[in-house]
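Student: Please take a close look at one part of this model and go through it step by step. I would like a single connected answer.

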Amino acid sequence: MNRREFLLAAATAAVAAPAMSFSGKLFAAPANTPRFLLVFLRGGYDCNNLLVPYSSDFYYESRPTLAIAKPDPYNTNSAFGLDSNWALNPVLRDSIYPLWQKHQVAFVPFAGTDDLSRSHFETQDNIESGEPSAQRSNFRSGFMARLSGQMSTVPSIAFTDALPLTFQGSGRDIPNISLRGNPKPVYDERQAGILAGMYRNTSLASAAADGLELRQSVSKELQDEMVKANRGAPNAKNFADETQRIATMMRDQYRLGFVDVGGWDTHVNQGNTTGQLANNLSNLGKGLAAYAEALGDEWNNTVVVVVSEFGRTFRENGNKGTDHGHGTVYWVLGGKVNGGRIAGEQVAVNAQSLLQNRDYPVINNYRDVLAGVMGRMWGLSNSQLLSVFPGAKPRDLQLV
């Protein structure tokens with residue numbers, strides 16, 4: 001069993017210990033340093049019912065049951081306008097729209113990867129790898145791992161059950177811990193003592209202590225939170241609960257994070273302002289707003305980017321849903337984000353602009369956009385950015 005495998009076993013599959021360069025202790029980064037959280041929507045969300053192209057008649061022709069009504073102050077189920085072409089789904093009125101008004105969120109439409117497989121797994125892996133889809137050379141290397149390698153003093157973490165591809169291949173031990181479920185410690189004090197004793201006076205003793213310390217300390221914090229907020233009753237399992245817990249760790253300890261959210265594959269009965277997609281968007285919006293609030297002043301040092309492997313077909317299907325597409329809309333949020341605008345290159349939303357007569361085209365490549373954001377956040381050189389995203393053409397959209 002190697003060190004990484006031991007850490008996963010010792011702290012359960014949800015936790016791995018921090019790197020030993022931290023002298024066996026949990027590392028606390030300096031305050032007021034940049035924080036970056038990548039939120040990955042797995043399943044390919046329908047961006048056309050998030051950012052509504054309400055000035056396009058083609059949108060309403062293509063979605064007879066799914067389209068969201070044009071902005072109308074007398075219709076609470078209508079989209080609310082952001083500019084002369086785009087509007088936002090009304091389920092985000094109380095969560096994301098206030099951030100828009102503060103210029104703390106921007107949207108980048110026609111974004112995505114050059115992968116045309118329309119396969120969930122292939123495209124997710126393609127994005128997490130950060131390499132050109134036709135030139136992937138290392139299938140166990142991710143761009144956030146390479147970014148972490150460029151910044152050895154920036155502590156990184158994945159808020160997931162298992163270490164995602166994007167954080168693999170760095171040669172460093174990246175901790176991962178899911179904050180979704182019951183935070184009750186997996187081991188009580190007696191069990192933790194027995195487990196640690198098994199590895200006492202071995203080369204894995206320090207790793208065992210770190211893995212157990214991370215699990216136990218996080219569990220205690222979350223149990224305390226549950227008691228205070230709910231008088232002992234368990235919290236509802238939703239994204240807002242998770243992001244508040246994430247905020248605690250990103251505020252006090254970590255600076256580069258990843259979390260994923262599933263449930264976005266809406267082939268049947270997708271809905272518009274109600275239904276599966278609307279519920280997911282509402283929970284996502286509440287979670288992001290809760291994250292901003294929980295960070296307090298450190299929201300001004302934070303950038304959150306929301307991505308998905310692809311968008312959905314522009315036209316609805318016969319089951320009142322949408323199928324696998326290509327281009328999508330990314331979100332960029334943060335206290336100092338240059339928001340309140342639709343960023344990046346755009347094309348008119350009509351039949352002529354669709355890719356293969358079905359999808360949004362990708363004209364804002366995710367590798368170029370993320371490289372531009374990361375370059376501005378951390379002052380990375382062009383050569384450093386190319387080590388993170390080989391072959392990319394970093395584009396500074398003045399988002400941060």
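**Helix ends and ring pairs**

Tutor: Helix 9 is followed by G296, which has a positive phi near 60 degrees. The model is a predicted one. Helix 9 itself covers residues 276-295, and its 20 residues reach 29 Å from first C-alpha to last, close to the expected 28 Å.

Helix 10 (residues 366-378) can be checked in the same manner: at 1.5 Å a residue its 13 residues should span 18 Å, and the end C-alpha atoms are 18 Å apart, so the two values agree. At the start of helix 10, a side-chain oxygen of N365 comes to within 2.9 Å of the backbone nitrogen of R367. Just after helix 10, G379 has a positive phi of about 65 degrees. Twelve of the 13 residues of helix 10 are buried, so the helix is largely enclosed by the rest of the structure. Among them are Y366, R367, D368 and W378.

Now the rings. The structure holds 15 aromatic pairs. One of them is F58 with F314, stacked at 5.2 Å centre to centre with 5 degrees between the planes. This pair links distant parts of the chain, since F58 is in helix 2 (residues 57-62) and F314 is in the loop between strand 8 (302-308) and strand 9 (328-333), 256 residues apart. Both F58 and F314 are buried. Y291 and W299 form an edge-to-face pair, with centres 6.4 Å apart and planes at 90 degrees. Y291 and W299 are buried too.

F58 and F314 also belong to one aromatic cluster with Y59, Y60, W86, F110 and Y360. R63 lies over the face of F314, 5.9 Å from the ring centre.

How values were computed
Residues numbered from 1 in each chain as written. Predicted model: local features only at pLDDT ≥ 70, side-chain atom pairs only at ≥ 80, totals over all residues. Heavy atoms only, no water. Helix = DSSP H or I, 4+ residues; strand = E, 2+ residues; numbered from the N terminus. Expected span 1.5 Å × (residues − 1). Buried < 20%, exposed > 50% of the residue type's maximum accessible area, 1.4 Å probe, protein only. Polar contact = N/O pair within 3.5 Å; in protein donor to acceptor, adjacent residues only side chain to side chain. Phe/Tyr/Trp six-rings, centres within 6.5 Å; stacked < 30°, edge-to-face > 60°. Lys NZ or Arg CZ within 6 Å of the ring centre and 35° of its normal.
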